[in-house]
Each structure stands twice: as structure tokens, then as C-alpha cells.
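Here is a short briefing to read alongside the model. Keep the structure open and follow each topic as you go.

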Amino acid sequence: MTGTRRTVAALFLLPALVLLGALVVYPIGYSLVRSFYNASGDGFAGFDNYTTLFTDDSIRTALKNNVIWVVFAPTVSTALGLVFAVLTERVRWGTAFKLVVFMPMAISMLAAGIIFRLVYDQDPDKGVANGVWVGVHDTFAQSSAFPKAHPGRESPLVAEDGGFVTKAAVHAGQPVGLPLVGVAPDQLPDGVRKAAAARAEPGKVTGTTWQDFTRGKGVGKLGAPDPSEVGYAGMRIEAVKDGKVVASAEAAGDGTFALPASADGARLRLPASNFKEPYNGVDWLGPALVTPAIIGAYVWMWAGFAMVLIAAGLAGVPRELLEAARVDGATEWQVFRKVTVPLLAPVLAVVVVTLMINVLKVFDLVFIIAPGSSQDDANVLALELYRKGFAESQPGIASAISVFLLLLVIPVMAFNIRRLRREVRR
């Protein structure tokens with residue numbers, strides 16, 4: 001009878017064992033054997049492919065980035081999940097909040113990558129991240145409205161230190177013209193009006209700064225405001241003597257300005273701050289920030305997973321222990337740190353280990369979000385495996401990377417299995 005039961009059990013297990021062997025055991029064995037052969041597969045390479053793992057610059061970069069991923073991605077995701085689970089436990093709309101946070105888990109890695117490729121777009125008009133960043137920046141430090149302005153033909157201005165200065169000194173009672181060109185009509189600041197010629201005022205240096213350009217060939221007078229031309233509202237003008245600013249003013253909507261008598265005999269300068277390029281935000285997908293930016297996208301997806309598991313564990317925490325701690329005079333922070341977190345340690349371990357295994361094989365987000373110019377800087381082992389195996393036709397090295405990834409996962413899996421066995425014994 002026992003033999004019959006074993007036969008029946010073996011027959012039931014056979015389909016699963018066949019699939020396991022075909023889809024798991026055989027690929028692992030083949031990859032292990034293939035990792036000891038050269039690119040063509042007809043020559044034994046020994047440990048050369050494994051030596052390449054630690055000498056090839058791109059693989060070393062991928063290994064360094066994988067370390068960053070393993071350290072930060074699971075930690076941040078678990079920490080956020082813990083915070084969300086604890087804070088929403090007593091909130092009436094906590095379930096709705098958890099649903100919103102968990103919702104990204106329903107999105108594929110491909111879709112999430114496309115979403116965050118747009119979120120991190122350098123153009124503030126397209127990328128949400130830079131749109132918000134630029135909006136906050138410009139609230140406190142607005143950029144100039146004249147980044148492209150420059151002197152035209154026969155101008156009294158010459159370039160100096162990023163700005164422009166008059167060729168000769170100016171004098172009180174003699175209006176000065178500071179014509180510029182190069183600002184598109186749709187980029188002129190608010191409040192501009194038709195340019196007006198400055199009037200002479202005794203004891204003051206007066207002048208006009210304006211857009212000295214009128215559409216049409218041979219239309220308009222060079223060096224003097226025409227009816228269709230507008231003033232450079234807000235342009236800053238400085239009077240400089242012996243390298244020191246002795247007076248300054250800001251142009252009105254019609255471009256006119258007036259400086260006190262101390263500006264007599266000085267040269268007028270339009271400082272570089274007038275021509276500062278508009279702030280274009282942060283290069284999220286540049287070499288320096290591309291890995292943290294992609295980790296941010298990963299956290300957005302997986303913090304909900306961590307939150308749900310931790311919330312389930314939190315539901316099983318005995319409330320008597322929490323209330324006893326509060327009765328003994330513990331603050332909410334002390335209850336959280338010394339009671340809640342220790343009781344949730346097994347659940348937190350499950351979440352961290354699961355996410356560590358997950359990030360070791362991360363591929364989709366890096367491949368999609370990182371642009372070609374910085375993909376080398378964002379490289380990870382799974383992506384390098386793909387590149388070596390398919391783009392560079394080096395299956396031996398790709399197999400070595402896959403075996404190396406397996407070796408990295410085994411200790412984490414062993415820890416998880418040992419922990420589960422301890423839980424069962426309890």
C-alpha cells in the first residue's frame with residue numbers, strides 16, 4: 001500500500017518536476033556550463049569570463065549600482081511602507097489612502113518606466129519633476145526675461161563680464177540710448193509698453209533701453225525708438241566709476257530710466273544678471289542622478305507592497321501591549337520604536353528580503369527610464385547580462401553574470417528559508 005501511495009504521489013508530482021527541470025534546473029545547468037566557454041562556444045575559457053566580471057568597467061559599474069540598489073531601494077520602500085501602515089491605522093480614510101498607494105503595483109514595470117521617463121523629462125513644460133522644481137525655484141529667484149538680448153549694429157554698447165557696458169562715459173542732462181535686439185516678442189516680460197525717448201533732466205542721467213527692431217526691410221530708425229518698438233521693462237542699469245557701482249536704476253515699462261547726479265561721468269553697465277538664462281531644472285536622468293531617480297520610481301511602485309504586508313502584520317499585534325506601554329507613560333514615538341517595530345520585526349524581515357531579491361534582478365525600469373546618454377551610468381547586472389548576451393554577442397560573459405546573480409540570491413534565500421523554519425517551530 002505504501003508503494004502504491006508513493007507511485008501515485010510521484011505521478012502527481014511528475015508534471016511539476018518536468019516543468020521545474022525544463023524551466024529552472026536545465027537553464028541553470030546550461031548557463032553554468034556555458035559560462036566556462038568562449039563567445040563562440042567551441043573553446044574552453046576556464047575562469048576568464050568570471051575574471052571579466054571584476055575587470056570590465058561596465059560590469060564593475062553595474063555591480064556598484066546593484067549594491068546601491070540593494071542598500072537603498074528595499075530600505076526606503078520598507079520604511080515608507082511602515083510609516084504609511086502605522087499612520088493610516090487610525091485614520092478613517094486610511095483604507096482609501098492604502099488603495100491609492102498600492103495602486104502602482106497594478107502597473108507593469110514597462111508602463112511605470114514610460115511614466116517616469118516623462119516625469120523626469122528635462123523640459124519643465126513636459127516633465128512633472130522639473131515643472132515643480134522650476135516653479136519653486138522661480139518663486140524665490142526669478143530668471144531674466146532677456147537671456148538672448150545683445151547689442152545690434154552701430155550700438156554704443158560692448159560686451160563685458162557677461163553683460164554690456166557703454167563705450168564712453170555719460171553725462172547729466174544728455175539722454176542716453178541703450179538699444180538691444182534678440183528677444184522674441186512672445187518672450188518679453190509682462191508690463192512692457194511702447195518705447196519712449198528719454199527726456200533730459202538737469203542733474204540726472206536719463207536714457208532708454210529698448211528692443212531696437214522693427215519688422216520689414218528698411219523700416220524704422222536705427223538707434224532711436226520707433227512707434228512699433230517696446231521698452232525693456234525691468235532691465236537693471238548700473239553707473240560704474242573706477243570699477244565701482246555708484247548708482248543704479250530699473251527701467252520702466254517704456255524702457256526709460258533715470259540715475260542721480262552721482263552717475264555723471266560714469267559708464268553705464270547692463271549687468272550679466274539681466275541676461276541670465278532661465279533656470280531649466282535638475283538633470284534627473286543625467287549621469288549623477290539617474291540611479292537615485294530610477295530608485296525613486298521603484299519605491300513609488302513597491303512602497304505599497306511593503307505597506308500592505310506591514311499593515312497585515314500590524315493588525316495581528318496585541319493591542320494590550322500597546323495600551324500597557326501608553327499607561328506606563330511611554331510617548332507615541334517610544335511605543336512605535338520599542339514596541340511596534342520589534343513586534344513587526346518578522347514581517348519587516350519578509351518585506352526587506354523579498355525586495356532585496358527583487359532589486360537584484362531589476363531590469364525593466366533601468367532599461368526604459370535611463371536615456372542612452374546615461375544608461376552606462378545607470379547600468380545594473382541584469383541589464384548588463386542582456387547587453388552582453390544580445391547586443392554584444394558574448395554569451396559566455398552573459399552566462400557568468402547570470403551565475404553570479406544566482407550566487408548573490410542564494411544567501412538571501414537561505415536566510416529567508418531559515419527564518420521561515422524558525423517561525424514554524426514557534
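At what angle do the axes of helix α9 and helix α10 cross? They cross at roughly 60° and come within 4 Å. Please keep in mind that this is a predicted model.

**The α9 and α10 pair**
- Helix α9 covers residues 332-343, and helix α10 covers residues 345-360.
- On the α9 side, the contact is made by Val-341, Pro-342 and Leu-343, while α10 brings Ala-345, Pro-346 and Leu-348.
- Sorted by class, this contact has six nonpolar residues, with no polar and no charged ones.

**The nonpolar cores**
- The largest nonpolar core has 49 residues.
- Trp-69, Tyr-120, Ile-294, Tyr-298, Ile-310 and Ile-369 are the residues with the most contacts inside this core.
- At least two residues of the core come from each of α3, α5, α7, α8, α9, α10 and α11.
- Helix α7 (290-315) gives the largest share, 16 residues.
- Ile-310 is in contact with Thr-78, Gly-81, Leu-82 and Ala-85, and also with Leu-344, Val-347, Leu-348 and Val-351, leaving aside neighbours within four places in sequence.
- There is also a second, separate core of 26 residues, which includes Ile-237, Ala-247, Phe-257 and Leu-268.
- As general background, nonpolar side chains tend to be buried together in soluble globular proteins.

**Strand β2 and its partners**
- Strand β1 (residues 157-160) pairs with β2 in the antiparallel sense, over four bridges.
- The two strands form a hairpin with two residues between them, and Asp-161 in the turn has a positive phi of about 50°.
- Across this pairing, Glu-160 stands opposite Gly-163 in β2.
- β2 also pairs with strand β8 (residues 267-270) in the antiparallel sense, over two bridges, and Arg-269 in β8 is the bridge partner of Val-165.
- Both faces of β2 are covered: Gly-163 and Val-165 are buried on one side, and Phe-164 and Thr-166 are buried on the other.

**Ser-35, a buried loop residue**
- Ser-35 sits in the loop between α1 (2-34) and α2 (48-52).
- Ser-35 counts as buried because its relative accessibility is 0%, and buried means under 20%.
- Setting aside residues up to four places away in sequence, Ser-35 touches Gly-46, Asn-49, Tyr-50, Gly-396, Ser-399, Ala-400 and Val-403.
- The C-alpha atoms of Ser-35 and Val-119 are separated by 39 Å, and these residues are 84 residues apart along the chain.

Key. Residues numbered from 1 in each chain as written. Predicted model: local features only at pLDDT ≥ 70, side-chain atom pairs only at ≥ 80, totals over all residues. Heavy atoms only, no water. Axes fitted to C-alpha atoms, helices over the stretch in contact; angles between N-to-C directions. Contact = heavy atoms within 4.5 Å. Nonpolar A, V, L, I, M, F, W, Y, C, P; charged D, E, K, R; others polar. Buried < 20%, exposed > 50% of the residue type's maximum accessible area, 1.4 Å probe, protein only. Pairing = 2+ DSSP bridges. Core = buried A, V, L, I, M, F, W, Y, C linked by side-chain atoms within 4.5 Å.
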